[in-house]
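Please read it alongside the coordinates.

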Amino acid sequence: MKPTVAAIFDIDGTLLDSNDAHARAFEQAFKEAGKPYPYTEIRHLIGMGGDKLIPTLSGIKEDSPVGKQIAERKKVIFFSEFLPTLKPFPKAKELIQTLEKQDIKIGIATSAKEVELKKFLKIIGIDKLPDARVSADEVKNSKPDPDVIQAALSKLGTPPDQTLMIGDTPYDIEAALKVGVKTIAFRSGGHWTDKDLSGAIAIYDSPMDLLSKLMESPFACKQKDHDK
């Protein structure tokens with residue numbers, strides 16, 4: 001097995017405890033638009049970008065007048081009511097820093113917009129760390145399409161078979177596999193079972209769990225080489 005030289009991280013539900021907040025914001029935005037949907041239906045789709053979630057849930061195109069209204073209202077609700085309360089998962093920053101010290105390049109690939117991504121990175125405390133970052137604004141299609149993963153690979157300049165994706169949803173796994181990148185999954189995003197995440201090569205509870213088990217993880221080969 002070739003050593004891992006890069007790690008591409010999702011943000012929401014992976015490094016930042018924000019999935020429920022996104023779902024609640026969408027729930028309220030749909031309700032205000034006269035299109036109420038149960039929270040559980042929305043929560044199941046978190047991990048996709050709005051360009052996928054809105055039409056998948058409702059059949060409404062994101063670029064239609066109603067779709068734009070829902071997307072804009074969701075953003076306002078999320079920023080005003082939920083963003084100030086968000087916290088990173090324990091040891092998220094430390095995990096990134098530890099991998100970086102092992103000479104592993106760090107990428108970020110998210111379905112979030114750039115304005116959200118900037119704030120998320122600051123909340124986690126890693127706004128200066130990633131070697132490459134890609135938001136939904138930079139690509140045509142969000143996850144589960146592979147556009148953000150492919151863009152991150154291009155920016156990092158690393159081969160797919162020596163790069164790992166770290167995410168929390170089946171959409172991360174599906175997107176990464178489409179470009180030949182294997183995934184480590186976290187349960188921290190909530191909602192998903194291990195069966196749902198079975199396409200990953202390893203599953204951990206959270207950033208803290210992976211950090212505590214790094215020597216037995218898919219990163220172990222690189223770690224051992226560094227320690228020689």
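K52 counts as buried, at 17% relative accessibility. Buried means under 20% relative accessible area, exposed over 50%, and partly exposed in between, with a 1.4 Å probe and protein chains only. This is a predicted model: local features need pLDDT of at least 70, side-chain atom pairs count only at pLDDT 80 or more, and totals for chains, interfaces and linings use all residues. Residues are numbered from 1 along each chain as its sequence is written, and side-chain values use heavy atoms, with hydrogens and water left out.

**Salt bridges**

K52 forms a salt bridge with D145. The term covers a side-chain nitrogen of Lys or Arg within 4 Å of a carboxyl oxygen of Asp or Glu. K52 lies in helix 3 and D145 in the loop between strand 3 and helix 7, so the pair ties together parts that are 93 residues apart in sequence. D145 counts as partly exposed, at 22% relative accessibility. Helices (H or I, at least four residues) and strands (E, at least two) are DSSP runs, numbered from the N terminus.

The structure holds 16 salt bridges.

| Pair | Closest N and O atoms |
|---|---|
| K52 and D145 | 2.8 Å |
| R187 and D205 | 2.6 Å |
| E27 and R24 | 3.1 Å |

R187 sits in the loop between strand 5 and strand 6, while D205 sits in the loop between strand 6 and helix 9 (207-212), so this pair ties together parts 18 residues apart in sequence. R187 is partly exposed, with a relative accessible area of 32%. D205 is partly exposed too, with 42%. Salt bridges that share partners also join D10, K143 and D172 into one network.

The E27 pair is local. E27 and R24 are three residues apart in helix 1, which separates them by about one helical turn. An α-helix has 3.6 residues a turn, so residues three or four places apart point the same way. E27 is partly exposed at 24% relative accessibility, and R24 is partly exposed at 37%.

Helix 3 spans residues 50-58, and its buried residues are K52, L53, I54, L57 and S58. What covers them includes helix 1 (19-32), helix 2 (39-43) and helix 4 (65-82). Just after helix 3, G59 takes a positive phi of about 80°.

Helix 7 spans residues 147-156 and buries V148, I149, A152, L153 and L156. These cover an arc of only 140° around the axis, which puts them on the same side of helix 7. The arc is that of the directions from the helix axis to the C-beta atoms. Their cover includes strand 1 (6-9), strand 2 (105-109), strand 3 (132-134), strand 4 (163-167) and helix 8 (170-177).

**Strand 1 and its partners**

A6 and I8 point one way from strand 1, A7 and F9 the other way, and all are buried. Strand 1 runs parallel to strand 2, joined by four bridges. It also runs parallel to strand 4, again with four bridges. Two strands pair if DSSP finds at least two bridges between them. I8 has G107 as its bridge partner in strand 2. A7 has L164 in strand 4.

T163 is placed in strand 4. Is T163 buried or exposed? T163 is buried, with a relative accessible area of 2%. Its side chain makes a polar contact with the side chain of T158 at 2.9 Å. A polar contact is a pair of N or O atoms within 3.5 Å; within protein, one must be able to donate a hydrogen and the other to accept it, and residues adjacent in sequence count only if both atoms are side-chain atoms. The T163 side chain also reaches the backbone oxygen of P159 at 2.8 Å.

**Nonpolar cores**

The largest nonpolar core has 56 residues; those with the most contacts inside it are F9, I11, L15, L99 and F219. Such a core is a set of buried Ala, Val, Leu, Ile, Met, Phe, Trp, Tyr and Cys residues joined through side-chain atoms within 4.5 Å. Helix 1 gives the most to this core, with six residues. A second, separate core of 16 residues includes A6, A109, V148 and V181.

Technical notes: Contact = heavy atoms within 4.5 Å.
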